[in-house]
Amino acid sequence: MIIFLLIVIAIPTLLLILNRIKNRRFYELANKIPAAKGNLPLIGIAHKFIGSTGKNAYKVITSLSHQSLENGGIVKFCMGPNVNFVLTNVEDVDFLLKSQLGKTSEYVLLEDFIGKSTLNAPVPIWKRHRKILIPNFTSKMMENYFPIFVAKSKKLVDVLEKHVGGGEFELFPHISAYELAIVCETSYGLTVNCQEDSSYPVLVQVETLMEIASERLFMVWQHPDWIFKLTPHYSKYYNARQVLYEFMLKVINDKRDEMRAKRRENPNKETEISESEIPSFLELVLSLEGNDGYTDMELMQELIALTLAGTDTSAISLSFLFELLSKYPDVQEKLYQEIHDMFGDSDRTVEKEDIPKLQYLDMVFKESLRLYSAASVIGRRVEQEIKLPSGVTLPANCDAFVSIYGVHRDPQVWGPDAEVFDPDRFLPGRYKSLHPCSFLPFSYGQRNCPGFHFGTMTLKIAVIDVLRKFKIVGTPSESRIPKLEAKFDILAKPLHAVRISVERRK
Ligand code: HEM
């Protein structure tokens with residue numbers, strides 16, 4: 001027994017000492033940075049995630065963010081042997097996001113279903129993929145996609161119409177279907193009926209995969225693939241991935257056949273996509289010679305990554321926005337007045353030129369994203385030792401997390417009322433004087449969100465169309481500090497199903 005105990009205690013201790021000696025410089029620098037409360041030797045804060053729920057994980061993340069703010073912009077936490085840092089100082093965040101392009105080790109866990117896609121790929125692959133992806137998001141493409149956004153928004157209004165007089169209902173599935181229908185049509189050129197059918201396979205499987213991947217993220221012992229495969233939820237995960245893969249492969253093959261058939265009909269045509277057509281990302285890649293280096297597997301995984309990146313982020317952001325409007329009827333009425341002043345009682349469709357003219361809409365949109373960013377934290381791998389503008393030096397080979405949640409609630413940036421929901425803080429004169437990294441719901445630097453305009457458009461169009469038609473009714477908040485509960489499922493999502501009711505305006 002004594003020998004057994006000696007082995008159990010002595011071997012890890014010896015390994016720890018050897019690790020400390022080998023990485024002396026790393027620990028010398030890391031030790032200068034304050035550690036999070038409850039950070040224990042050997043395990044760090046991993047115990048805080050035992051039996052973790054998304055709600056608990058969100059609490060840990062927000063607590064680390066507040067501790068970072070209290071320490072002047074940085075806090076250290078360990079997950080088992082890994083030492084990580086949470087940054088909230090805007091100058092440091094600016095420096096980190098401009099200088100470090102690699103993602104942290106957590107993103108590697110996503111490889112299991114999205115491979116090495118733009119979202120999570122190591123830098124050399126990312127550069128190649130991002131170059132192919134970017135033409136899909138130019139202002140010309142946004143113009144092309146605009147009619148698709150408007151058509152899906154109209155369908156969202158039709159679906160909500162059925163709830164008039166019917167009391168409270170769950171909003172999120174309708175919004176999620178709206179965003180998915182847009183991403184499918186713009187990314188794969190596929191018209192899907194998910195707005196009519198809430199059991200649509202992509203919607204359900206993406207949800208399952210995100211839930212399980214998020215749980216695994218915090219269970220460090222499940223990170224090795226062979227252990228993960230032994231867990232009870234692996235078969236659910238595997239089945240969801242199979243359904244998604246089969247669906248996407250069929251989409252690719254069908255599109256390729258369709259394009260080949262067109263080429264046979266018209267062999268003299270140089271490109272397969274005419275100016276008048278709206279090419280999807282998939283069509284753009286398939287029209288490139290040899291798919292520009294994408295294998296079918298890579299292309300399929302990139303499409304899944306685009307679906308994840310584009311659908312959930314936008315749907316979550318829109319859901320929080322509508323929930324805030326239901327809780328603050330004064331803000332909703334002011335916004336409605338602005339929209340009504342522009343459209344009157346007409347039924348004309350929203351046009352691209354309308355959007356920048358709606359200033360209060362922009363302020364409400366930004367304030368909602370400030371308080372409830374779908375991406376509450378983003379990670380960057382620090383390869384070489386870096387000295388941050390605040391004077392802190394991060395050691396080489398560590399993971400640094402930018403807390404978007406923390407930056408957006410920093411009283412030094414946003415004032416003592418940083419927790420208050422106040423769209424006026426985005427009045428152009430007030431907001432322009434802030435550091436560009438003070439507001440970064442779409443991240444910042446070269447690896448920021450390419451879907452920034454896309455997401456902004458889909459959210460604003462839906463808000464305009466829905467408010468023109470309906471008053472959104474919920475339980476008004478008694479405080480100007482909203483207390484919307486969230487959980488962490490890789491993204492920060494509403495904890496409970498958002499329930500609202502709608503009343504017809506006219
Ligand atoms: C309100 C909506 C959206 C929000 C809040 C959002 C937010 C973000 C954030 C914070 C990142 C950086 C993630 C990181 O560094 O880990 C990101 C990356 C990305 N987003 Fe978005 N996004 C939105 C909509 C979209 C849409 C509509 C698309 C595409 C259709 C999209 C595609 C992507 C892609 C491909 C990346 C990876 C970029 C790279 O690593 O180079 N996003 N997004």
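Tutor: D296 is found in helix 13, where a helix is a DSSP run of H or I with at least four residues, a strand is a run of E with at least two, and both are numbered from the N terminus. Residue numbers start from 1 along each chain as its sequence is written. The model is predicted, so local features need pLDDT of at least 70 and side-chain atom pairs count only at pLDDT 80 or more, while totals for chains, interfaces and linings use all residues.

D296 counts as partly exposed because it has 13 C-beta neighbours inside 10 Å. The scale behind this takes C-beta atoms placed from the backbone and calls a residue buried with 20 or more others within 10 Å, exposed with 12 or fewer, and partly exposed in between. Apart from neighbours within four places in sequence, D296 is in contact with L249 and I252; contact means that two C-beta atoms, placed from the backbone, lie within 7 Å. I175 is 121 residues from D296 along the chain, and their C-alpha atoms are separated by 30 Å.

Helix 13 also matters for the ligand shell, to which it gives the most, with six residues. The ligand is surrounded by 22 residues, and the closest are G310, A375, C449, G451 and G455; a residue is near a molecule if its C-beta atom, placed from the backbone, lies within 6 Å of it. Two elements give two or more residues to this shell: helix 13 (296–327) and helix 19 (452–469). By class, twelve of the shell residues are nonpolar, eight polar and two charged. Here Ala, Val, Leu, Ile, Met, Phe, Trp, Tyr, Cys and Pro are nonpolar, Asp, Glu, Lys and Arg are charged, and the others, including Gly, are polar.

C449 is listed by UniProt, in an unreviewed entry, under "binding site"; such positions follow the numbering used here, feature names are shortened, and annotations may be inferred rather than shown by experiment. C449 lies in the loop between helix 18 and helix 19. It is buried because 20 other C-beta atoms lie within 10 Å. Not counting residues up to four places away in sequence, C449 touches F442 and S443.

S443 is in the loop between helix 18 (428–432) and helix 19, and is partly exposed because it has 19 other C-beta atoms within 10 Å. Phi of S443 is near 65°, a positive value in a residue other than glycine. Most residues other than glycine have a negative phi. N397 likewise has a positive phi, near 65°, and is found in the loop between strand 6 (393–394) and strand 7 (398–403).

Helix 13 and helix 19 come up again around helix 15: what covers its buried residues includes helix 13, helix 14 (329–343) and helix 19. Those buried residues are L361, M363, V364, F365, E367, S368, L369 and R370. Helix 15 (residues 359–371) has 13 residues, so at 1.5 Å a residue it should span 18 Å, which agrees with end C-alpha atoms 19 Å apart; the expected span is 1.5 Å times one less than the number of residues.

As for the whole, buried residues make up 40% of the 506 residues in the chain.
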